Amino acid sequence: METQIVNATEYRNVTLALLSESKTNPRRTFEEVALKELASSIRTQGVLSPLLVRPLTDNGFEIIAGARRYRAAQMAEVPTVPVRIVHLSDAAALEAQLVENLVRSEIHPMEEAQGFRALLDLEDPKYSIEQIAAKVGKSPVFVASRLKLSDLVPAAVDAFYADEIGVGHALLLAKLPADQQEAALQVCFKEVYNGGSNPARILLPVRNLQFWIDSNILLVLKDAPFNKRDAQLIPTAGSCADCPKRTGHNKLLFGDDLGRQGDRCTDPNCYAAKVSAHVAQTVAAKPELVQISTAYGGQKEGSPVLPRNKYTAIRDDKPKSKDDAKRPEFKVCKFTTEAIITEGADVGTIHKVCANPTCPVHHPKQPTNRSDEKWKAEQDKQRKEQAIANSTGLRVLAAVSATVPVRLLKRDLLFILERLVSVMDENRVEMLARQHGIRQKRDDGGVSKT
């Protein structure tokens with residue numbers, strides 16, 4: 001169907017009483033100060049640009065474009081306004097209305113999003129993102145980003161309209177599943193006490209939100225322990241390869257991230273469900289697998305999962321020195337077997353472990369030439385020293401966070417990190433690296449340097 005404006009066009013002046021605003025107008029916000037300024041101009045010079053209208057069956061006219069001029073004319077109390085009358089079908093009127101409003105620079109990004117969505121949802125004519133982009137003079141990436149804003153949850157939409165968050169924050173939120181957006185919205189702000197009874201809420205930079213999303217929401221699919229093409233692992237979720245919630249599915253939205261991070265999952269709940277299903281399948285297929293935990297703390301009574309102190313993980317990489325080669329985790333014994341992590345970090349992955357408490361290599365007996373009381377006292381001392389160190393570290397980090405109102409620069413964080421890693425236990429450095437997906441490169445000086 002052709003949606004061009006019909007040639008039979010008429011110009012005339014009509015009274016305001018004959019005009020009514022369209023319900024499909026994408027513009028929803030009208031700045032009061034700007035309306036008053038336009039009304040003042042109309043009182044002295046009149047309406048210089050005609051409103052685009054189409055006739056209604058009740059002898060009135062529907063405003064296709066010009067709602068702002070119409071409202072300002074009402075404020076100016078002028079008797080008539082100039083109009084351009086065109087005869088359009090509902091679909092053609094919607095198309096002309098959307099295109100007319102979307103090319104205006106002062107329109108809110110959410111109104112752009114709703115307008116683009118209305119164009120995309122038209123049945124006749126049928127639009128693609130590329131066609132909409134050509135129609136309004138924008139790039140396909142811009143249109144796809146604006147369209148994504150229509151997926152914002154109501155709380156985020158309200159904050160966006162109230163100018164509490166910017167378009168950068170809104171777009172990052174819109175890329176997340178609905179059940180993750182409200183939690184991410186809270187991360188956009190920091191509360192600061194300035195002596196008053198209520199804290200002041202400060203909007204943090206977009207990079208802070210991006211860092212939180214990268215750390216807490218997005219999951220690198222190449223590191224997933226399960227088969228990403230298995231559509232039957234969780235039938236309701238289907239295959240990751242066909243999932244619209246992975247970043248690689250929408251390259252217009254995530255194109256810049258794909259090169260740096262690779263394909264990532266934006267739904268941690270679905271990802272966790274697939275990991276659990278993978279673990280259940282693997283354990284059922286190989287009941288002889290040892291189940292281990294990488295988390296700190298004890299296990300519930302009767303649990304088949306071995307805690308960290310009941311096994312030794314055998315490292316796959318080669319020792320870097322003769323001293324490293326003497327360490328138990330670089331040695332293989334006759335009791336070495338395969339184990340699957342079912343709790344903690346890296347759940348679902350398979351590792352080699354020694355879980356035999358009688359193994360002289362990985363579980364040597366404690367020296368008997370010292371009393372139990374002396375040994376227990378030494379252990380208590382070490383635990384207290386570790387607790388003091390942890391408490392001191394938390395207080396220092398809290399003091400730094402309270403003193404610095406904005407996020408530290410990259411060079412500042414690197415300075416802190418270099419000094420922290422140098423005093424951290426190697427096992428903790430490796431655990432921290434695994435949690436953030438950092439993998440050691442070959443012959444680069446160890447995971448601490450990486």
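I looked up I213 and skipped its neighbours within four places in sequence; that left L172, L176 and L218 in contact with I213, where contact means heavy atoms within 4.5 Å. A note to myself: this is a predicted model, local features need pLDDT of at least 70, side-chain atom pairs count only at pLDDT 80 or more, and totals for chains, interfaces and linings use all residues. Residues are numbered from 1 along each chain as its sequence is written, and side-chain values use heavy atoms, with hydrogens and water left out.

Next I checked the largest nonpolar core, which has 26 residues. Such a core is a set of buried Ala, Val, Leu, Ile, Met, Phe, Trp, Tyr and Cys residues joined through side-chain atoms within 4.5 Å; buried means under 20% relative accessible area (1.4 Å probe, protein chains only). I213 turns up again here, among the residues with the most contacts inside the core, and so do L149 and F160. Which helix gives the most to this core? I found that helix 8 does, with five residues. (Helices are DSSP runs of H or I, at least four residues, numbered from the N terminus.)

I also noted a second, separate core of 22 residues, including L19 and F61.

For C240, the nearest cysteine sulfur is that of C243, 6.5 Å away. C240 is buried, at 11% relative accessibility. For C354, the nearest is the sulfur of C333, 3.6 Å away. C354 is buried too, at 0%.

Terms used
Buried means under 20% relative accessible area, exposed over 50%, partly exposed in between (1.4 Å probe, protein chains only). Helices (H or I, at least four residues) and strands (E, at least two) are DSSP runs, numbered from the N terminus. A disulfide is a pair of cysteine sulfur atoms within 2.5 Å.
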